[in-house]
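Please keep the sequence and the structure in view while reading.

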Amino acid sequence: MTFPVIGVVGGGQLARMMAPAAVALGIHLHVLAEAQDVSAVDAVAHAPVGDYRDLETLRKFARDVDVLTFDHEHVPNEHLQALIADGVNVQPRPDALVNAQDKLVMRAAIERLGLPNPAWAAVASVADIHAFGEANGWPVVLKMPRGGYDGKGVKVLRSAADAASAADWFEAMKPLLVEEMVDFSRELSALVARTPSGDARAWPVAESIQVAGVCDEVIAPAPELPAEVEAAAESAALRIAEALGVTGVMAAELFETPGRSPGYLINELAMRPHNTGHWTMDGAITGQFEQHLRAVLDLPLGATDALGDIVVMKNFLGGANQDLFSAYPKALAAEPTVKVHSYGKSVRPGRKIGHVNVIGSPHDDVAAVRARATTVANIIRDGQ
């Protein structure tokens, strides 16, 4: 009996954080890295460098793995279909993954399932944006259907006059996605996992705090979330995973909309471990990276209960401190209960380079736990 090999396309921090979970389970992890200096290379013994956009490179990489999964959603869908035709076990399947690759496909799927979408339309011209804005009200949000992340590929158009500024976007991609600008109270994340056999589990719905389009903090479970909204959001995420045939981890990013039934709208989907699920690494019985590996291998899924009443994840971005390790003595001494996860990336201003997790004690309030996480993250970022 030999343990299986999981191949991960993409060598970013998500692939890196799969490595400890794979080691614990005795699973062999291979990574197709974009370059020799990406995050996962230092954490995985077998990490050849290759272009995921090249089918023959993918075929060569896939020959030695039992299942192929992903660090990102950018592998061309037609390449994945070709790999399946070759007999490769691709998880999640491209028919599911396309809903995370293309926001127009995703919006249509959510509508087909009768789940809560914002008003939206595919637009092929500035005139189409005008028509949508006049029908649904200004401002509107224009999105690139493919390739956008962390606030990139998104433009807020506050009036009909602003729409003209989007004309050059149609030269890069057509059609585009336009949506109503949702009046929401906060952002939520409903994280689930599903196996090819249909076993599925959900973690508690979490609150996600964004700064400049980038996830800054996550609080789990989402504080003071009405029970009926939590239940509806969890049910929706599980239903999406089942209906689309998702395998592995899926994050449904949501807008909480008090006063607008059913209390939330679906923003985006991600079909891989997700920044809003990093809290589970230390704060849940089964973390998202172990669960993803279990799921793509069609193993029974682990329990998803939170390990504390409050769990906070805080990202740290590149800042003034280039020598992150030099800040560890002060950071770790400041808050001994905080867990630090560094991604092995070079430091650039605004780049995600790590996160910290902290589990609150029963007597802690949310503000106190957030402050502890922020203290450590800031020391590492600033070196002081």
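## Asp 364 and its partners

In this predicted model, the side chains of Asp 364 and Arg 372 are joined by a polar contact of 2.9 Å. Asp 364 belongs to the loop between strand S16 (352-359) and helix H13 (366-382), and the side chain of Asp 364 also reaches the backbone nitrogen of Ser 361, at 2.7 Å. With a relative accessible area of 17%, Asp 364 is buried. When residues up to four places away in sequence are not counted, Asp 364 touches Ile 310, Val 369 and Arg 372.

## Salt bridges between separate parts of the chain

Side chains of opposite charge can pair when their charged atoms come close.

| Pair | N to O distance |
|---|---|
| Glu 180 and Arg 260 | 2.8 Å |
| Arg 194 and Glu 242 | 3.1 Å |
| Arg 370 and Glu 217 | 2.7 Å |

The side chains of Glu 180 and Arg 260 meet in a salt bridge. Because Glu 180 lies in strand S7 (residues 176-180) and Arg 260 in the loop between strand S12 (248-256) and strand S13 (264-270), this pair ties together parts that are 80 residues apart in sequence. Glu 180 is buried, with a relative accessible area of 16%, whereas Arg 260 counts as partly exposed at 33% relative accessibility.

In the salt bridge of Arg 194 with Glu 242, the closest N and O atoms are 3.1 Å apart. Here, too, distant parts of the chain are linked, with Arg 194 in strand S8 (residues 186-194) and Glu 242 in helix H9 (residues 227-244), 48 residues apart. Arg 194 counts as buried at 8% relative accessibility, while Glu 242 is partly exposed, with a relative accessible area of 46%.

Between Arg 370 and Glu 217, which also form a salt bridge, the closest N and O atoms are 2.7 Å apart. Arg 370 is part of helix H13 and Glu 217 is part of strand S11 (residues 214-220), so the pair ties together parts that are 153 residues apart in sequence. Arg 370 counts as partly exposed, at 29% relative accessibility, and Glu 217 counts as buried, at 5%.

Salt bridges also link Arg 107, Lys 143, Glu 179 and Glu 268 in a network.

## Helices H4 and H5

Two packed helices are described by the angle between their axes and the distance between the axes. For helix H4 (residues 94-101) and helix H5 (residues 103-112), the axes come within 5 Å and cross at roughly 105°, which means that H4 is roughly perpendicular to H5. On the side of H4 the contact is made by Val 98, Asn 99 and Gln 101, and on the side of H5 by Lys 103, Val 105, Met 106 and Ala 109. Sorted by class, this contact of H4 with H5 has four nonpolar, two polar and one charged residues.

How is H4 placed relative to the rest of the structure? Seven of the eight residues of H4 are buried, so the helix is largely enclosed by the rest of the structure. The buried residues are Pro 94, Ala 96, Leu 97, Val 98, Asn 99, Ala 100 and Gln 101, and what covers them includes strand S3 (67-70), helix H3 (77-85), H5, H9 and S13.

In H5, the buried residues are Lys 103, Leu 104, Met 106, Arg 107, Ala 109 and Ile 110. These residues pack against H4, strand S4 (120-123), strand S5 (140-143), S7, H9 and S13. The N-terminal end of H5 is capped by Asp 102, which has a side-chain oxygen 2.9 Å from the backbone nitrogen of Leu 104, and just after H5, Gly 114 takes a positive phi of about 70°.

## Phe 255 in strand S12

Phe 255 is found in strand S12 and counts as buried, at 10% relative accessibility. Although Phe 255 and Leu 188 are 67 residues apart in sequence, their C-alpha atoms are 6.1 Å apart in space. Leaving aside neighbours within four places in sequence, Phe 255 is in contact with Val 182, Phe 184, Arg 186, Glu 187, Gly 263, Tyr 264, Leu 265 and Asn 267.

Terms used
Residues are numbered from 1 along each chain as its sequence is written. Side-chain values use heavy atoms; hydrogens and water are left out. Helices (H or I, at least four residues) and strands (E, at least two) are DSSP runs, numbered from the N terminus. Buried means under 20% relative accessible area, exposed over 50%, partly exposed in between (1.4 Å probe, protein chains only). A polar contact is a pair of N or O atoms within 3.5 Å; within protein, one must be able to donate a hydrogen and the other to accept it, and residues adjacent in sequence count only if both atoms are side-chain atoms. Contact means heavy atoms within 4.5 Å. Axes are lines fitted to C-alpha atoms, for helices over the stretch in contact, and angles run from 0 to 180 degrees between N-to-C directions. Angles under 35 degrees count as roughly parallel, over 145 as roughly antiparallel, 65 to 115 as roughly perpendicular and the rest as oblique. Ala, Val, Leu, Ile, Met, Phe, Trp, Tyr, Cys and Pro count as nonpolar, Asp, Glu, Lys and Arg as charged, and the others, Gly among them, as polar. A salt bridge is a side-chain nitrogen of Lys or Arg within 4 Å of a carboxyl oxygen of Asp or Glu.
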